[in-house]
Amino acid sequence: MKIFIGEMMSCNLNYQPEYIVYQLEDNFEITTMVEDADIIVFPGTCSCTNENISYSIEYISSILKRKKTSAKTYVTGCLTRKFKKSELFDIENWLEANVDFIIPQNSPNLLLKMISEEKFKNIEKDDFGAWIAYQNEAYLYISNGCLNNCTFCKTTFQKLPLKSVDFNKAKLAVNEIAMNGIKKINLVGTNISQYGLDINGTYMLPKLIEYIENVYDISELGLIGFAFKDAINNDFSFVMQNSSKLNLISGSLESGSDRILNLMRKGFTSEEIIQFIETIRKKYPKDFLLSIIAGFPTEEIEDVKKTLDVLNTINPSYVAICRYTDSKYVYSHQHPQLTPTEIQEHARIYQKVLSRRKISAPIKGDDYIYN
Ligand code: SF4
């Protein structure tokens, strides 16, 4: 499914257009050819002056003339505001007659959700399982979406629903990767721990790990998008401990403070995650790439210290420090928020301590704004 993004006509006062573009570019295939697009989005329209209204409508018309018949069109931005009819146009009626979906300017996530559902609704589960090779490693995409409900998570509703590749197809892809002489496989998904739940009614990741363990030509395995909650509560530890090839796990800790973990609904305690990691490391070494959230609502320095203690015990080689970004659509919005200065300060403390421990720890999370 290819998406064409229309020209930005909105002024810099609005953050929504850039946010939409960022999310579309991050999650979908973008085309610059209108004729190829299955979806056409106009994220930043303007209605400040009659001239701007004219320009927006003329521009949209010129694009619509070139689109293929089946392409769906979405317009958002200032042009969608309910306002008096301009002297030149009856904008509301014009939009209704010419575009498929008119999304209010303050609902960019509604637009993203609709496009996401459009992307996945006709996809057979078998369409997943594609793999790409990069620097002698294969990335095998086995699932999309997550059924968990972490209170801060914006990913869940933008990438719903959970879809997994058929297990046999995943095995075939593993064989194909091995036949191509690639020794390392990374299994990738939004939450790969839930792989198989939608089609098999059970967690299939342990079975896939076991399968890969027995493929002679594959020597290394990484898990990217690993949710500890599902793994701990459904006892993946035996299989993960016994895999000699599994040497890299990338997932989220978010916090080492049980109070914060509880507010996040992460589904595990600091003790449980430490114990789980210790168990799966007992036989073979395993490296961890973790993410944490700096400045989650109500986080205090005491919570930061607890997180640093847990990280000290786990000793990952990489920690992504994600500054908390609020959204009125997430549950954590209801808790008292930290100020941007406090969030920044917590991120700085994390980075300072982790760097001292020689752990790569970039700060992330302020390059876009969630609504
Ligand atoms: S496990 Fe990850 S993707 Fe799923 S809800 Fe929690 S943060 Fe979001």
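The structure is a predicted model, in which local features need pLDDT of at least 70, side-chain atom pairs count only at pLDDT 80 or more, and totals for chains, interfaces and linings use all residues. Residues are numbered from 1 along each chain as its sequence is written.

**Ligand shell**

- The ligand is surrounded by 10 residues, and the closest are Cys146, Asn148, Cys150, Cys153 and Ala227; a residue is near a molecule if its C-beta atom, placed from the backbone, lies within 6 Å of it.
- By residue class, the shell around the ligand holds four nonpolar, six polar and no charged residues, where Ala, Val, Leu, Ile, Met, Phe, Trp, Tyr, Cys and Pro count as nonpolar, Asp, Glu, Lys and Arg as charged, and the others, Gly among them, as polar.

**Nonpolar cores**

- The largest nonpolar core has 61 residues, of which Leu140, Ile142, Ile185, Ile292 and Ala294 touch the most other members; such a core is a set of buried Ala, Val, Leu, Ile, Met, Phe, Trp, Tyr and Cys residues joined through C-beta atoms within 7 Å.
- A residue is buried if 20 or more other C-beta atoms, placed from the backbone, lie within 10 Å of its own, exposed if 12 or fewer do, and partly exposed in between.

**Helix pairs**

- Helix 13 (residues 301–314) packs with helix 14 (residues 340–356) at an angle of about 30°, and their axes are 11 Å apart, the axes being lines fitted to C-alpha atoms over the stretch in contact and the angles running from 0 to 180 degrees between N-to-C directions.
- Helix 13 is therefore roughly parallel to helix 14, since angles under 35 degrees count as roughly parallel, over 145 as roughly antiparallel, 65 to 115 as roughly perpendicular and the rest as oblique.
- The crossing of helix 13 and helix 14 is right-handed, a term used if the near helix is turned clockwise from the far one by less than a right angle, with anticlockwise giving left-handed.
- Helix 6 (residues 167–179) and helix 8 (residues 205–213) have axes that come within 11 Å and cross at roughly 30°, so helix 6 is roughly parallel to helix 8, and their crossing is right-handed.
- Helices (H or I, at least four residues) and strands (E, at least two) are DSSP runs, numbered from the N terminus.

- Asp326, in the loop between strand 13 (318–323) and helix 14, is partly exposed because 18 other C-beta atoms lie within 10 Å, and its C-alpha atom is 7.8 Å from that of Phe152, although the two are 174 residues apart in sequence.
- Asp235, in the loop between helix 9 (228–233) and helix 10 (237–242), has a positive phi near 50° although it is not glycine, and it counts as partly exposed with 13 C-beta neighbours inside 10 Å.
- Asn315, in the loop between helix 13 and strand 13, also has a positive phi, near 55°, in a residue other than glycine, and it is exposed, with 12 other C-beta atoms within 10 Å.
- Tyr216, in the loop between helix 8 and strand 10 (220–226), is exposed, with 6 other C-beta atoms within 10 Å.
- Glu18 belongs to helix 1 (residues 16–27) and is partly exposed, with 17 C-beta neighbours inside 10 Å.
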